[in-house]
Structures are given as structure tokens and as C-alpha cells.
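This note is meant for a colleague meeting the structure for the first time. Its points are numbered so that each can be checked against the display below.

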Amino acid sequence: RSLTVYLHDNNISQDALEQLACRVPATSKDCIECGSFTYNEGKLQEFDYGAFFQQLSLDSSGKELNMRSMGINDNGARQISGVLKEDENVVALDLDGNSIGDEGTAALANALHSNTTLEGLNLDLNRVGSRGFISMVTQLVC
């Protein structure tokens with residue numbers, strides 16, 4: 001399986017990167033980098049991101065789903081994760097510029113363990129720290 005996860009501009013410590021260096025197979029190291037539908041007009045409050053993702057994914061078969069800068073936090077990421085586990089439509093999910101932290105990243109990582117369709121996940125410019133990074137890499141390479 002080939003999956004690229006982008007984690008630029010987050011809060012991942014050098015120590016966490018060094019801890020994982022020996023756990024990531026050489027073939028995986030290059031894949032972990034610290035027609036689209038776009039829904040990024042504003043930050044949504046008290047919103048069911050899981051239902052939103054599910055509805056959009058039905059219209060996005062084989063495409064990228066862009067959910068950039070929507071104010072998605074850990075709770076929203078958990079909602080998306082619940083649907084992502086079973087989704088077979090979306091090949092790339094862009095969550096750039098949200099407020100997803102370690103808990104939301106861990107939930108997404110858990111969903112990726114079940115989802116074999118997704119090939120790209122962009123978590124740039126979120127609040128991912130070392131714990132979230134370790135959760136993601138552990139799910140992807142173990």
C-alpha cells in the first residue's frame with residue numbers, strides 16, 4: 001500500500017522523529033513527509049463533519065476531497081474517522097489548516113488501518129504534536 005501523509009508546520013519534536021527513525025522501514029521513510037471538491041469558505045461550529053464527509057465522499061469517487069481551513073478540531077477529526085474507516089471513494093483527503101491535534105490525528109490513524117483506498121492525507125498546518133505523529137506512523141508501518 002502506498003500512502004503519503006503530509007505533516008508540515010505542526011508541533012512534532014525532533015526527539016519524536018529520532019525515536020521513530022529505527023521503527024520506520026527504509027522503504028517507508030520517503031513517503032512520510034513532515035478533479036477536487038472544495039469546501040473551505042468558513043469555519044463551522046458544532047457541525048457533524050462525519051455526515052458532511054460521508055455526503056461529499058459519495059460524490060467524490062476516485063478524487064481528492066478538500067476540507068481545508070474549516071475549523072475542524074479533534075472532535076471533528078473523530079467524526080470523519082468514523083466514516084473514513086469504511087469509505088471506498090476518496091483517494092486523497094486534504095485537512096490542511098484546521099485545528100486537529102494529537103487525539104484527532106490518532107483517530108485518523110486508526111481509520112487508515114481499515115481504509116485501503118486513501119492514498120494521500122494532508123495534515124499540514126494543524127496542531128499535530130509528537131504523540132499524534134507517533135500514532136500515525138505506528139499505524140502505517142506496524
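Which backbone oxygen does the side chain of S81 reach, and at what distance? Point 3 gives the answer, after some remarks on the model as a whole.

1. The structure is a predicted model. The mean pLDDT of the protein is 75, and 63% of its residues reach 70 or more. Confidence is highest in helix α5 (residues 102-114), at a mean of 95, and lowest in strand β3 (residues 37-38), at a mean of 33. Over residues 24-46, pLDDT stays under 50. The model does have 49 contacts beyond four places in sequence for that stretch. Where pLDDT is low, however, the predicted coordinates should not be read in detail.

2. Overall architecture. Six helices and six strands make up the secondary structure of the protein. Their order along the sequence is β-α-α-β-β-α-β-α-β-α-β-α. The protein has 142 residues, of which 46% count as buried. It exposes about 7,200 Å², and carbon and sulfur atoms supply 44% of that area.

3. S81 in helix α4. The opening question is answered here: the side chain of S81 reaches the backbone oxygen of A77, at 2.7 Å. S81 lies in helix α4, which covers residues 74-84. With a relative accessible area of 3%, S81 is under the 20% cut-off and therefore counts as buried. Leaving aside residues up to four places away in sequence, S81 touches A107, L108 and A111.

4. The pairing of α4 with α5. The axes of α4 and α5 are 8 Å apart and the helices pack at an angle of about 5 degrees. Because angles under 35 degrees count as roughly parallel, α4 and α5 are described as roughly parallel to each other. On the α4 side, the residues in contact are D74, A77, R78, I80, S81 and L84. They meet D102, E103, G104, A107, L108, A111 and L112 in α5.

5. The pairing of α5 with α6. For α5 and α6, the packing angle is about 5 degrees and the axes are 8 Å apart. That angle makes α5 roughly parallel to α6. The residues of α5 that take part are D102, T105, A106, L108, A109, N110, L112 and H113. Their partners in α6 are S130, R131, G132, S135, M136, Q139 and L140.

6. Are V137 and F133 buried or exposed? V137, found in helix α6 (residues 130-141), is buried, with a relative accessible area of 2%. F133 lies in helix α6 as well and counts as buried at 4% relative accessibility. Each can be related to a residue 28 places away in sequence: the C-alpha atoms of V137 and A109 are separated by 8.0 Å, and those of F133 and T105 by 7.5 Å.

7. N66 in strand β4. Strand β4 contains N66, which counts as buried at 8% relative accessibility. What does the side chain of N66 reach? It reaches the backbone nitrogen of R68, at 2.9 Å.

8. Two loop residues with positive phi. Most residues other than glycine have a negative phi. Two residues of this model deserve a look on that account. S69 has a phi near 50 degrees, a positive value in a residue other than glycine. S69 is placed in the loop between β4 (64-66) and α4, and at 32% relative accessibility S69 counts as partly exposed. L125 has a positive phi too, near 55 degrees, and is likewise not a glycine. L125 is found in the loop between β6 (120-122) and α6. With a relative accessible area of 44%, L125 is partly exposed.

9. Summary for the reader. Helix α5 is roughly parallel to α4 and roughly parallel to α6, and α5 is where confidence is highest. Residues 24-46, by contrast, have pLDDT under 50 throughout.

Notes:
Residues are numbered from 1 along each chain as its sequence is written. This is a predicted model: local features need pLDDT of at least 70, side-chain atom pairs count only at pLDDT 80 or more; totals for chains, interfaces and linings use all residues. Side-chain values use heavy atoms; hydrogens and water are left out. Helices (H or I, at least four residues) and strands (E, at least two) are DSSP runs, numbered from the N terminus. Buried means under 20% relative accessible area, exposed over 50%, partly exposed in between (1.4 Å probe, protein chains only). Accessible areas come from the Shrake-Rupley method with a 1.4 Å probe; for residues, only the protein chains shown count as cover. A polar contact is a pair of N or O atoms within 3.5 Å; within protein, one must be able to donate a hydrogen and the other to accept it, and residues adjacent in sequence count only if both atoms are side-chain atoms. Contact means heavy atoms within 4.5 Å. pLDDT is the predictor's confidence in each residue, from 0 to 100. Axes are lines fitted to C-alpha atoms, for helices over the stretch in contact, and angles run from 0 to 180 degrees between N-to-C directions. Angles under 35 degrees count as roughly parallel, over 145 as roughly antiparallel, 65 to 115 as roughly perpendicular and the rest as oblique.
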